[in-house]
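Hi,

Here is the structure I said I would pass on. Have a look at it first, and then read on for what turned up.

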Amino acid sequence: KFYKELSESGLSNGTIRCCHKYISGALNMAFEDDMIRKNCALNCIEPYIGTNKKEGMTKDETDKFLTTAEKVNFGKNYLLAFKLMLLTGMRVGEVTGLTWDDVNLKERYLDVNHQFVTGDENSRTTYHIDTTKTTNGKRKVPISDDLYELLQELKTETYFDAYKFKAEVDGYSGFVIHTRTGLPILSSRLNEYAKKIVSIYNEQHEDKLPNVTCHTCRHTFCTRLAELNISPHALQKIVGHGSYQTTARVYISVEDDFVNDEFFRVMRGIG
């Protein structure tokens, strides 16, 4: 049950296997010391052998998710976070840690140079700012026209609230996406919000939306840009991967209709 909850929260099979290694090891020691009757975790990892099938949302699913979210009367800042992730392909920590100092509307780019993380039981505080996940994660993300409009909306509606309470995390302030008190939003809250939106849609429609997490947005972004025939190396740089193989193997899952259209376009000598 615990591993299932981890999977549904968006964690990969590899991460779940890491957790299992320690949990099963501890229970096995307890079993050998006659503290418990058996190691109940022994066979629990079988469903998580291998890699996850990671896919982004289709265009239709993205529209349905956003339309449903627009109609509910809660979580507006959460919706803005998901729009930002869908338009940038940024990791959730990069989005929640983004400050207005990182936004260059004049030259139209986002300066990704850090990420927001939560501390553990050994931390003095819950919230922290850390370096990007990898050295390649430090990058400049171009601002598209749609993203420009979203950032203008954010600046109009949330800019002053970002500074009003003088919220600060490790010297960083003015978070673009924030809570009512100006602090960054936890990724777990965003994933809970997405799960609620999907549940609302699925309760009202026969066609069902898939499970959506913050990371789904990153996959969706990569897939949409791949469908637009962006340079592979440009996409690699935008999302902050060390190699395009990672981008293509893990993050891109083009739709069947697109594959079909591309096949006949090439066969007919169009374009």
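C18, at 44%, comes out as partly exposed. Please keep in mind that this is a predicted model.

Now the overall picture. The chain has 271 residues, and 40% of them count as buried. Its secondary structure comes to eleven helices and seven strands. Taking the contacts in the chain with a separation of 6 or more, 62% are between residues 24 or more positions apart. The accessible surface is about 16100 Å², with 51% of it belonging to carbon and sulfur atoms.

The inside is worth a look. The largest nonpolar core has 47 residues, and the ones touching the most other members are F65, F82, L110, L151 and I177. Several elements give two or more residues to this core, including helix 3 (59–71), helix 4 (76–88), strand 2 (109–112) and helix 6 (145–164). Helix 7 (187–204), helix 8 (214–227) and helix 9 (232–239) are on that list too. Another core, of six residues, lies apart from it, with Y3, L6, I16 and I45 among them.

Setting aside its neighbours within four places in sequence, I177 is in contact with N77, L80, A81, L84, V95, T96, L154, L183, P184 and I185.

Next, helix 2, which covers residues 13–32. After helix 2 comes D34, which has a positive phi, near 60 degrees.

Two other residues have a positive phi. K166 is in the loop between helix 6 and strand 6 (168–169), and its phi is near 55 degrees, although K166 is a residue other than glycine. K166 is exposed, with a relative accessible area of 74%. N229 is in the loop between helix 8 and helix 9, and has a positive phi of about 60 degrees without being a glycine. N229 is exposed as well, at 52% relative accessible area.

- E227 is in helix 8. With a relative accessible area of 8%, which is under the 20% cut-off, E227 is buried. Its side chain makes a polar contact of 3.1 Å with the side chain of R224.
- D60 is in helix 3 and is partly exposed, with a relative accessible area of 42%. A polar contact of 2.8 Å joins its side chain to that of K64. D60 and L209 are 149 residues apart in sequence, but their C-alpha atoms are 9.7 Å apart in space.
- T99 is in the loop between helix 5 (92–96) and strand 1 (103–104). T99 is buried, with a relative accessible area of 2%. Leaving out its neighbours within four places in sequence, T99 is in contact with H114, Y172, S173, G174, F175 and V176.

Cheers

Technical notes
Residues are numbered from 1 along each chain as its sequence is written. This is a predicted model: local features need pLDDT of at least 70, side-chain atom pairs count only at pLDDT 80 or more; totals for chains, interfaces and linings use all residues. Side-chain values use heavy atoms; hydrogens and water are left out. Helices (H or I, at least four residues) and strands (E, at least two) are DSSP runs, numbered from the N terminus. Buried means under 20% relative accessible area, exposed over 50%, partly exposed in between (1.4 Å probe, protein chains only). Contact means heavy atoms within 4.5 Å. Accessible areas come from the Shrake-Rupley method with a 1.4 Å probe; for residues, only the protein chains shown count as cover. The expected span of a helix is 1.5 Å times one less than its number of residues. A nonpolar core is a set of buried Ala, Val, Leu, Ile, Met, Phe, Trp, Tyr and Cys residues joined through side-chain atoms within 4.5 Å. A polar contact is a pair of N or O atoms within 3.5 Å; within protein, one must be able to donate a hydrogen and the other to accept it, and residues adjacent in sequence count only if both atoms are side-chain atoms.
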